[in-house]
Amino acid sequence: MRYILILNGPNLNLLGRREPEIYGAETLDTIIAGLRERFASIELRHEQHNGEGSLIDTLHTAGFDPECLGIVFNAGAYTHYSYAIADAIAAVPAPVVEVHMSNVHAREDFRHRSVIAPLCCGTVAGFGADSYRLGVEALLNRY
Ligand code: DQA
């Protein structure tokens, strides 16, 4: 069965408790449950890893899986400096949408740069939990 993978990077397991003034009060579990309810006709898989290597392994597995329609990826702070993750995105045929809950361009300078953006098919940032929904919609609209 074809599926979309929602992939979350470091510290996103703390949503709901982590800087709620920036990231809101919703937990990651609630966000994923809401997406599954909304997109009931497609399987949404979800993984969250704090480590760079686990994220890369997951990108390799899903990214070469012909059943995977695409990956909605919040790489957290790795976005800004991980060339290893950028290389993994470049290596796989599945389309990857970069998402951020916060408007990274309105925050500290180091968040203005994304080393993964050129390898992704697009970027959604600044809409809180809705950034994930927009990422899923963007992938579905490609098919
Ligand atoms: C984030 C933005 C990143 O700069 C930050 O390191 C995160 C979350 C976001 O969703 O807004 O961990 O990706």
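Leaving aside its neighbours within four places in sequence, Tyr132 is in contact (heavy atoms within 4.5 Å) with Ile6, Asn8, Leu12, Ile31, Leu35, Val72, Asn74, Val99 and Met101. The model is predicted, so that local features need pLDDT of at least 70 and side-chain atom pairs count only at pLDDT 80 or more, whereas totals for chains, interfaces and linings use all residues. Residues are numbered from 1 along each chain as its sequence is written, and side-chain values use heavy atoms, with hydrogens and water left out.

Tyr132 is also among the residues with the most contacts inside the largest nonpolar core, together with Ile4, Ile6, Leu35 and Val72. This core has 21 residues. A nonpolar core is defined as a set of buried Ala, Val, Leu, Ile, Met, Phe, Trp, Tyr and Cys residues joined through side-chain atoms within 4.5 Å; buried denotes under 20% relative accessible area, exposed over 50%, and partly exposed in between (1.4 Å probe, protein chains only). Two or more residues each are given to the core by strand S1 (3-8), helix H2 (28-38), strand S3 (68-74), strand S4 (96-100) and helix H5 (130-140), H2 giving the most, with 4 residues. Helices (H or I, at least four residues) and strands (E, at least two) are DSSP runs, numbered from the N terminus. Apart from this core lies another, of 20 residues, including Leu59, Ile71, Ile89 and Val115. In soluble globular proteins, nonpolar side chains tend to be buried together.

In H5, the buried residues are Ser131, Tyr132, Arg133, Gly135, Val136 and Leu139. The buried residues of this helix pack against S1, H2, strand S2 (43-48), S3, S4 and strand S5 (122-125).

His80 is located in the loop between S3 and helix H4 (83-91) and is buried, with a relative accessible area of 9%. Its side chain reaches the backbone oxygen of Arg113 at 2.9 Å. When residues up to four places away in sequence are not counted, His80 touches Val104, Phe110, Arg111, Arg113 and Val115.

A search of the whole structure finds 0 disulfides (pairs of cysteine sulfur atoms within 2.5 Å). For Cys120, the closest cysteine sulfur is that of Cys121, at 6.9 Å, which is too far for a bond. Cys120 counts as buried, at 12% relative accessibility, whereas Cys121 is partly exposed, with a relative accessible area of 41%.

Definitions and conventions. A polar contact is a pair of N or O atoms within 3.5 Å; within protein, one must be able to donate a hydrogen and the other to accept it, and residues adjacent in sequence count only if both atoms are side-chain atoms.
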